[in-house]
Every structure is written in structure tokens, then in C-alpha cells.
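Here is a short briefing to read alongside the sequence and the model. Keep both in view as you go through the points.

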Amino acid sequence: MSTLRIRPRLVAIIAFIILAAAAVQTGAARASVTALTVAQAIVTQDGSTGSVAGFIVGEPVSATSVNRSGFAGDTAIAIADTASETSTTKMLYVQVTTACRSTFGLRTTPSLLGKQIDVTGSLSPYFS
């Protein structure tokens, strides 16, 4: 898999649940999907299903803290609109389902940090 895309923004610490069917989209496949920005996803926490594009910026460990190295698990990632984002208020926390952990978990695959991804799932609060 090449470029990944995820975007975060988090005020009440919001998350996007990656569905088992979620896949990294590249090239033409990405062009056919209208993905929300992380900022848009944060204000659309209504339980609907949607796609969000952003950069993996770390592993959430609390509502106000994200690890950028020394990853402890594969259960969640934080995404943002930019790869250098450090403010948790601008991040979206994404729960990584069991089926996706070996591919998207940062403990298993730390090289994903800074990569762009598209994720699809339920726009619901997580880590709040």
C-alpha cells in the first residue's frame, strides 16, 4: 500500500471508527470518493457513515494526549489535516478494528506516522 490519508480535528475528542471493510484508497479510487476533511468530520458527529481523508499523526492515549513515538498499541490512531499537527483539538481519533490492526496499528506499523489515508466508518464520538 502506498500513500495513506486521514485527517483529524478534535475538540470534544471525536473519533472515526474504521470499519473492517475500510481500505486505503489510492489514485483513481480516491478520486471517486468524496472524503470529508478532519475539521468537517469533527462537526459531523451524528452517527452517519462517511469517509475522512487525513494524515496519521500519532496514537491517542487520552483525551488530550497523543504519542508520536514509542507506540503502545494498535487499537487507535489520531489523524489530522496536516502531518505536522500537534494540537489534539485539531485531531480526529480513529478506533482501529481488530481486522485492521495489523495494517493500521502504529505499534505494528510505525512507518505509517505522517502518511495520508482515507478511512470510512461511523462518525461517532470516541475517547470522550
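This is a predicted model: local features need pLDDT of at least 70, side-chain atom pairs count only at pLDDT 80 or more; totals for chains, interfaces and linings use all residues.

Residues are numbered from 1 along each chain as its sequence is written, and side-chain values use heavy atoms, with hydrogens and water left out.

**Overall layout**

- The protein chain holds 3 helices and 6 strands; here helices (H or I, at least four residues) and strands (E, at least two) are DSSP runs, numbered from the N terminus.
- Reading from the N terminus, the order of elements is β-α-α-β-β-β-β-α-β.
- The chain has 128 residues, and 46% of them count as buried; buried means under 20% relative accessible area, exposed over 50%, and partly exposed in between, with a 1.4 Å probe and protein chains only.
- Take the contacts (heavy atoms within 4.5 Å) between residues at least 6 apart in sequence: 75% of these join residues at least 24 apart.

**Nonpolar cores**

- The largest nonpolar core has 18 residues, of which V52, I56, I77, I79 and L92 touch the most other members.
- At least two residues of this core come from each of α2, β2 (49-62), β4, β5 (91-95) and β6 (116-125).
- Another core lies apart from it, with 8 residues that include V57, A78, A80 and Y126.
- A nonpolar core is a set of buried Ala, Val, Leu, Ile, Met, Phe, Trp, Tyr and Cys residues joined through side-chain atoms within 4.5 Å.

**Strands β4 and β5**

- β4 and β5 pair in the antiparallel sense over 5 bridges; two strands pair if DSSP finds at least two bridges between them.
- β5 is largely enclosed by the rest of the structure, because 4 of its 5 residues are buried.

**D74 and its partners**

- D74 sits in the loop between β3 (65-67) and β4 (76-80), and with a relative accessible area of 7% it is buried.
- Leaving out residues up to four places away in sequence, D74 touches V96, R101, G105, L106, R107 and T108.
- A polar atom of the D74 side chain lies 2.8 Å from the backbone nitrogen of R107, and one lies 3.4 Å from the backbone nitrogen of L106.
- A search of the whole structure turns up 1 salt bridge, meaning a side-chain nitrogen of Lys or Arg within 4 Å of a carboxyl oxygen of Asp or Glu.
- In a salt bridge, the side chains of R107 and D74 meet at 3.6 Å, N to O.
- This pair links distant parts of the chain, 33 residues apart, with R107 in the loop between α3 (101-104) and β6 and D74 in the loop between β3 and β4.

**Q40 in helix α2**

- Q40 belongs to helix α2 (residues 38-42) and counts as partly exposed, at 38% relative accessibility.
- The Q40 side chain reaches the backbone nitrogen of T37 at 2.8 Å.
- From Q40 to V52 the C-alpha to C-alpha distance is 8.6 Å, and the two are 12 residues apart in sequence.

Technical notes. A polar contact is a pair of N or O atoms within 3.5 Å; within protein, one must be able to donate a hydrogen and the other to accept it, and residues adjacent in sequence count only if both atoms are side-chain atoms.
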